[in-house]
Amino acid sequence: MSGEARSATGALEGYEIFIKYLPATATEASLGTFFAEVGPIVGEPRLLKSGDGKCKGVGWITFATREAMQAAVDWNGCSFGGRHLQISAAKAMHTGFRPSLQAAGTHTPAM
């Protein structure tokens with residue numbers, strides 16, 4: 001389990017969790033308050049929101065220490081807003097441009 005949150009330059013920013021099954025009424029503030037007792041949070045929690053501003057059920061929180069991230073993962077199955085959350089260490093996503101697998105000079109433009 002990594003959970004490392006890195007900037008586009010590769011600098012370590014903290015340790016991130018991924019949360020599923022959040023209620024539509026969840027806000028960044030309510031999520032931050034709920035997880036504050038686990039450990040220090042870096043920045044604000046992030047929620048995936050629909051066009052009307054309601055939570056779509058998933059979010060991310062970055063903690064300052066690996067221990068805080070692990071403590072949050074240990075809360076997997078806890079109740080928040082009437083829902084049982086699924087909490088896991090976030091997976092690192094690719095940032096920047098995706099490298100080409102095609103040899104240089106072999107690209108055929110679309111016609």
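What share of the contacts in the chain with a separation of 6 or more comes from residues 24 or more positions apart? The share is 59%, with contact meaning heavy atoms within 4.5 Å.

This is a predicted model, where local features need pLDDT of at least 70 and side-chain atom pairs count only at pLDDT 80 or more, while totals for chains, interfaces and linings use all residues. Residues are numbered from 1 along each chain as its sequence is written, and side-chain values use heavy atoms, leaving out hydrogens and water.

**View 1. The whole chain runs β-β-α-β-β-α-β-β-β from the N terminus.** That's 2 helices and 7 strands (DSSP runs numbered from the N terminus: helices are H or I, at least four residues; strands are E, at least two). Of the 111 residues, 32% are buried (under 20% relative accessible area, with a 1.4 Å probe and protein chains only).

**View 2. Thr-62 sits in strand 4, residues 55–63.** Thr-62 counts as buried because its relative accessibility is 6%. Its side chain makes a polar contact of 3.3 Å with that of Glu-16 (a pair of N or O atoms within 3.5 Å, one able to donate a hydrogen and the other to accept it; residues adjacent in sequence count only if both atoms are side-chain atoms). Beyond its neighbours within four places in sequence, Thr-62 also touches others, including Ala-5, Tyr-15, Pro-40 and Arg-46.

**View 3. Helix 2, residues 66–73, has Ala-68, Met-69, Ala-72 and Val-73 buried.** They lie on the same side of helix 2 because they cover an arc of only 140° around the axis (taken from the directions from the helix axis to the C-beta atoms). The buried residues of helix 2 pack against strand 2 (12–20), helix 1 (28–35), strand 4 and strand 7 (86–89).

Methods
Buried means under 20% relative accessible area, exposed over 50%, partly exposed in between (1.4 Å probe, protein chains only).
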